[in-house]
Structure formats: structure tokens, C-alpha cells
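Subject: Structure handover

Hello,

Here is the structure I promised to pass on. Please load it first, then read the notes below.

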There are 2 protein chains.
Amino acid sequence: MGKKTTVGIAILGHGTVGSEVLRLMGEYSEDLTHRIGGELEIKGVAVSDLDKHKDSPAAHLMTTDAMSLINREDVDIVVEVIGGIDYPRQLVLAALKAGKSVVTANKALVAAHAAELAEAADEANVDLYYEAAVAAAIPVIGPLRRSLAGDRVKSVMGIVNGTTNFILDAMDSTGASYDDMLAEATRLGYAEADPTADVEGYDAASKAAILATLAFHTRVTADDVYREGISKITAADINAAKNAGHTIKLLAICERVGDTVSARVHPTLIPRDHPLASVNKSFNAIFVEAEAAGRLMFYGNGAGGAPTASAVLGDLVGAARNKVHGGRAPGESTYANLKIADFGDVSTRYHVDMDVHDQLGVLARIAEQFSNAGISLRTVRQEEKGENARLIVVTHHAYERDLAGVVEKLKSMDEVKSVNSVIRLESE
Amino acid sequence: MGKKTTVGIAILGHGTVGSEVLRLMGEYSEDLTHRIGGELEIKGVAVSDLDKHKDSPAAHLMTTDAMSLINREDVDIVVEVIGGIDYPRQLVLAALKAGKSVVTANKALVAAHAAELAEAADEANVDLYYEAAVAAAIPVIGPLRRSLAGDRVKSVMGIVNGTTNFILDAMDSTGASYDDMLAEATRLGYAEADPTADVEGYDAASKAAILATLAFHTRVTADDVYREGISKITAADINAAKNAGHTIKLLAICERVGDTVSARVHPTLIPRDHPLASVNKSFNAIFVEAEAAGRLMFYGNGAGGAPTASAVLGDLVGAARNKVHGGRAPGESTYANLKIADFGDVSTRYHVDMDVHDQLGVLARIAEQFSNAGISLRTVRQEEKGENARLIVVTHHAYERDLAGVVEKLKSMDEVKSVNSVIRLESE
């Protein structure tokens, strides 16, 4: 590696991000040359359908043969902005094996196949960059890989999916239903035609896996992440949260649990004065707590063509600098080799909303279920609800296992008509 | 460079930061070895007075001869945490010239002598790291040098001095005077015995110079930064700000002004719902606005032994990785070579507080001064104040030059008893 004056680039994909990367590479080319100490030269852009892009100013660079483009001798760095898993995995592996450095924005790919990709990069002694895979332009991969490399991270907690944050924020401010606000998000382009990956937390789980891997220097894949989406959150949940001075956010939470590591994604109640509570619209924010550094927060645009392209270009400059000057970005670091925590061993607080028969002694019998499981209650609120009563219980810290057991028992009690929702609660 | 398995470290200084760096290097040594791919070995600690540290667990490593320590053949990286300018400058230059990489937390040194230091590092092909020089553990140097290397920064604005933020926050929440809250800050260890560097904005100006240099790829030194401290801020100013829904923060603001660059540090009114308004105690927060990334915020502990040591260790891991694996951190980037803006060309909004004689037509004559200078007014508030009236004017955007002219004229008007304060105002 090293000592080139021209760095050949192949771009795989020409969607929202790919076209923005191309545009900015043109607009910033003079700056990029200065910053790299060498020139970037786009050797080709791989697309699936040439016709679709025939009016693009980059049409003359396009090809449908991604594999041949990657293997061109004058290509030094491959930028993968296609999305999906299987096809980009083949391309990225081929690129790494051919000695090309890779910049990818593909969280699903990295979260599923980081080990295989890192190994290929190590073997070829090339770079694998993926800052854009988590929270787009917000620098968080870089800080975890480098700035915090001399510290011990205790936890990472954040809003890492813009679509769900938009929907929850809109439900919170309008009082509208999940379905209506999902429709609104789709109309405004915040949600995709098939919103499953976002609203069911798959996207956030991929990001949680990447963050946990970097934070704790251990392997965590998307499959290791406990995942609950937001599609069951009702206007009533939002309203109850509001009345209690809380708001609901879809959080990714990665933490050490004894000698194991836990990563989870689920709707979470947080107090309205929590810094994450004011992260609105489709913005992202990530808290990192480290032993020496204390608490750090990173905030910004977590999605969109330009912010994602900004992160891709930052990585591209890094990879290109290494091609010109020699050297390599920090490789993968998974030496800690920690086990994934049993989800039952994870501890947090819970907000349990149920309808109960309005009879003498009901509260005592319900409270007994909690105390039998060793779970103490922080607040209990009872209100009339037609012929029944609505009971909202907030617990102190308890184990998932114990709480799940109590909920099963509550559901089987004659006095309990329904357990409407169980939402986890985090506070500072 | 490259391919070592043991990296020799010299630490210059054993104060709050130096002793914490030593402690953490011991506590984290196993992790650091894994992350670097080689072992850190402390070859010596330079102090000014051996007696003072004779009970330290690192006493056997100490020497008063910093220069000999630096020049030891088995020292690869020098960590400078002494503070001051002239003496550490000699040491850091000697280290770089001897082919040692340098990690420093010294903002005053970097802001005053970056060009000379960068040149020495380039000539010797070694690293110069200084993440801890701005906002301690908050990663902002790294993100500007790397993550945003493919973007164009438009502005950087932030709270970069914990001492002044503590004092202003305490004045805001208690209504107490500047002197009382400075005394409180001193008592609690947030302010030094001689608080000048903090309260008069010199510390923040050094940081502004470093941030502007990195953000705009041009040379900005501490002398180029317009600077006003907080020692003239009164309880009345804070109270007036509060009544208008604002708070006062000491901000460092770096921005492009046409083809020039401006960096300034001064007390600034911001709306209470501005994200920087809720940065309390001695915390720091920095906003970066870039063309593609949009607005990013970085928040955390901006001072203290452990947070500063965290940043130093992050840099140390980076420098050590390069000693082991080869390669070099991005060198200095000042190709843009922009002029420093004439301060008169800087434009912002102003809050002007004056006592005026309570006569017919006074307001009209004062308003005329502003309009003659082409400055339009956003709000005007007049209230009784004994026999006189107090007049508070908030302008729309105006040039420093024009505003200064108006203030001179106001002071010479018979109708104006006194101009009590002129405070700049920023909003989103």
C-alpha cells in the first residue's frame, strides 16, 4: 500500500446516497485533493439498470457489471451503497480479497457479516470503513474506534432510527394513532413503502450490534440483539406517558451485564427532561458512557442522502489517505470475546398498564405478585375506566425474567381484565 | 516507523492529568495492549520537583531532566501534560525533531505554535495528536480531522470553557453576582487561583483558534481570535436575559465570512430553548454545521483529570498503533490559506441595555441612530428605573463596525445617561 498520487474509485449503487456521493465528489474535488494529498478518480459506477440512469451526468461511467468494475486494476477503493445483504456481501468480499479498501454505508451487511469482512480486510491488509452505517453523518464509529480507544465504555444508548423517531415524535405532538403517523411518515418520505425494517426495529438492531461490537471490543451480531418495534405503541400509551411526564422513544441500549454484554432495541419511556427526550423529528442522538470520559452525547442528522454521503466521503478520504501515504485504519477489535447476556438477566424498570376489575383488595393482590417476585414498585396509579379500573404500575429495577413471570401471573388473575402494555423505562 | 512490539512512552508532567494518565495506563494495560497490538512501556515521568512526588507509586520513574528522557532511544512517544507555552514548546519541538510522536493536551501551545509544531512533525514523519486540547474527552478534533474530512464546515459554535460555564450557570440559577460565583467556583475547584485565563476568555480563544484551523483548513492562531471575557457580566444582565427568555453563555464562534474566516469568543445571549442553553455546570458542548452533514452536536465533560486523560489515552493508542503497524495520522491541513476577517465585517445581533432620561421623544432619537447606521431593530423594551428609564434594544443582524459606531453616538447623546451593556445574541 501507499505512495499513489491518483486513487481510483468504484461506486456500487446510484440511489439517494450513491448519487449524492458522486455529486459531492465533483463539487468538493479540489478540497478533497488537498486533504488527501492525491486525486480521486471515479473509474465506474455500478447500477442494476443502465436505462434508468441514462440521463444522469455520470451515465458514461455506469456499468451493470459490478464484479468487473471492482476487479479493474486501476480501482483502489470500492464504495458500496447498494443496500441489502447477500449481493453486496459478495461484492464487498470480492473487493477486499482483490486488495481494494472498502467504504460501506450498509448497516445490515456489517451487522450480519462483520467477522467475515474484517478477516478478509485483515488478510489483504486493506481498510474497511463504515461510519455511515450508524447514524449517518454523526461521527460515532470513529470516536468509538479511535477517540475512546484508551477508555472503557460502560454503555451506549441512543436513538438510531430516524423513521421511528419521526413517527413517535409525531404521535407525541399530535396525539394521533400509530397508523396515521406511519402514513404521514410514508407520505413525507421518512418511511419506505415496506416500513418493516424500520418500525419493527431491525434497522436499529443492526446498528446496536455494530455499536456494541465497537464499544465492548467483542463480537455482537444483529441476531444477538433483543428487538421490539413500535408498531404496537398506541395513542393511549403515548398519552399515559405524557401524563406521567415521560415520552416514548425507540432506543438502542448496549451495556455490560457482569461479564457479558447485552444489546437491545425496544420502545422506552424516558423522562421529558432527559436529553434524548428533546431529540425530535428524524434526528438521531447517541449517549456513550465511559469510565474515564464520563457521559458523551453525539447528535445530528441520522439519515438522508447528504448526511450519509458526508460520512461516506469522510471514510473515503481516510481510505484514500492510506492509499497515498501508507498505513491502515484500526482493524477490528473483538479480543474481549464476551458472551451475550441472557435476556432474562438484563435489568431495567417497567411501566405496566392494565385494566382490572374495580373490587376491594385487587390492588393488594396485584402488588403481592410483584413483591413475591422480589420486584419493588416505584409508583402506582389507579383511575376509573368505565366499569373497571385502570392500573398503571412503575417498578424499580427488576430482571426481565422476573418481570416476565409476573406479567404471566397477572394475565391469569381473574381480577385482571387485560395487561394493555409493558414498556421499559430508562432514566438518568 | 512501524513494526515495534513494545512502545516506549515518556510522560512530561505529573499534575491532575499526568497522574490520571499514569493511573489509567496501569489499570487498562491489558486492554491497551490488545487494542494497540503491542505493549506500552513507561520509560520515565518528568517532573519539576522529585521531592513533591516521592510517595507516588511512580516515583521510581521520575526525573527532573525532561530533555534527556525525551531523547532516550527507547522512547517512541512523548506525552506532554505540563501546561504553559515556552518550556513545553521546547520539549515538544525537541521530541518531534528526535523522531518521537507527541500527544499533548496543551491548548495554549497548539493555538500559539501549531505551524512550527506541525512542520517539525512533518519533517520527522511522526504524529502530533492533541484531542485533549479542546473539550477534554469530547471527541471533536478527531471528527473534524477525519469524519468531516469529506465535507465543508460552515461554522463551529460552542461552550468550550467549563469554568466560565459554571460561573454563568450559577449566576443564572441563583441570581448572585459574578464575584460571588467566581468565589464559589474557586472554592469548588472549578476555577484556578488566578482565574484570568478562563474568565477573560484566553482559554476559550485558544480552543477557538484550534477549532477554526481544523474546520476551515487554514491557519488561525489565538491572536487572531476576538476575545471578551465574562468578568463584566452583572446580575442585572443575567436577570434581563432571563426576563427576555434568554440565558448568557461564553461562546466560541468560528465561521466563514465571505472568503475570510472569523473566530470570536464573547458572552452571548441565546434563547432558553437553544440546545446550548441547557448545557449546565462545567459541561461543554460544540455545534458543527457542515454543508452535507447538517448540524452536529458533541456534548460531554470538557475538563477534569479523568476526561482529559481519556482523550490523551485515545491519542496515545492512535500514535502507538502507528508505531506498531506503520502509517501516520492525518497531518496538518491549512491549504485553504484564508485571511482572517476584519472584526468590523462580522455580523450578529445585539442586545443594548442603556439608561436614558425619561423625556418625550427620546426613543425616537435613539431609534434614529440605529436606522441612520442601517441597523433595524427587532425589539425595544422601555421600563421605569427611578427618575430615568431603562431602554433595552435588540437589533436584527448588523455589522460589528456599524454597531460600534452607533454605541459611540449613543454614549455622546445628552438623552442617554449610560450604556450599561452591549451583548451579542445568537439564535438558531
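Start with A:Gln382, which stands opposite A:Leu391 in β16(A). Strand β15 (residues 377–385) of chain A and strand β16 (residues 388–395) of chain A are joined by 8 bridges and run antiparallel. Two strands count as paired if DSSP finds at least two bridges between them. Helices (H or I, at least four residues) and strands (E, at least two) are DSSP runs, numbered from the N terminus. β15(A) and β16(A) make a hairpin with 2 residues between them. In that turn, A:Gly386 has a positive phi of about 60°.

Some ground rules. This is a predicted model, in which local features need pLDDT of at least 70 and side-chain atom pairs count only at pLDDT 80 or more, while totals for chains, interfaces and linings use all residues. Residues are numbered from 1 along each chain as its sequence is written, chains are lettered from A and ligands numbered from 1 in the order in which they are written, and side-chain values use heavy atoms, with hydrogens and water left out.

The parallel sheets

Strands of a sheet pair through backbone hydrogen bonds, either parallel or antiparallel. Chain A has an open sheet of 6 strands with parallel pairing. Its order is β3-β2-β1-β4-β5-β6. The edges are β3 (62–63) and β6 (128–129) of chain A; each has a single partner strand, so one side of each is left without a neighbour in the sheet. Strand β5 (residues 101–104) of chain A pairs with β6(A) in the parallel sense, over 2 bridges. There, A:Val102 stands opposite A:Leu128.

Chain B also has an open sheet of 6 strands, in the order β3-β2-β1-β4-β5-β6, and the pairing is parallel. Its edge strands are β3 (62–63) and β6 (128–129) of chain B, each pairing on one side only. Strand β5 (residues 101–104) of chain B runs parallel to β6(B), and 2 bridges join them. One facing pair is B:Val103 opposite B:Tyr129 of β6(B).

Helix packing

Axes are lines fitted to C-alpha atoms, for helices over the stretch in contact; angles run from 0 to 180 degrees between N-to-C directions. Angles under 35 degrees count as roughly parallel, over 145 as roughly antiparallel, 65 to 115 as roughly perpendicular and the rest as oblique. A crossing is left-handed if the near helix is turned anticlockwise from the far one by less than a right angle, and right-handed if clockwise. Contact means heavy atoms within 4.5 Å. For residue classes, Ala, Val, Leu, Ile, Met, Phe, Trp, Tyr, Cys and Pro are nonpolar, Asp, Glu, Lys and Arg are charged, and the others, Gly among them, are polar.

- Helix α1 (residues 16–27) of chain A and helix α12 (residues 305–325) of chain A have axes that come within 8 Å and cross at roughly 60°. They are therefore oblique to each other. The crossing of α1(A) and α12(A) is right-handed. Contact residues include A:Val17, A:Val21 and A:Leu24 of α1(A), and A:Ala309, A:Val312 and A:Leu316 of α12(A). The contact divides into 9 nonpolar, 3 polar and 1 charged residues.
- Helix α13 (residues 362–372) of chain B and helix α14 (residues 400–412) of chain B pack at about 150°, with axes 9 Å apart. That makes α13(B) roughly antiparallel to α14(B). Their crossing is right-handed. B:Ile366, B:Gln369 and B:Phe370 of α13(B) meet B:Leu403, B:Val406, B:Lys409 and B:Leu410 of α14(B). By class, that is 5 nonpolar, 1 polar and 1 charged.
- Helix α4 (residues 86–97) of chain B and helix α5 (residues 107–124) of chain B pack at an angle of about 15°, with axes 9 Å apart. That makes α4(B) roughly parallel to α5(B). The crossing of α4(B) and α5(B) is right-handed.

How the chains relate

Chain B can be laid on chain A with an RMSD of 0.0 Å, by a turn of 180° and a shift of 0.0 Å along the axis. That is the relation of a two-fold axis. Copies are superposed by least squares on the C-alpha atoms of residues with pLDDT of at least 70 in both. Within chain B, B:Gly327 comes closest to the rotation axis, at 1.8 Å (C-alpha). Of the interface residues of chain B, 98% are also interface residues in chain A, so the copies meet through the same surface.

Best wishes
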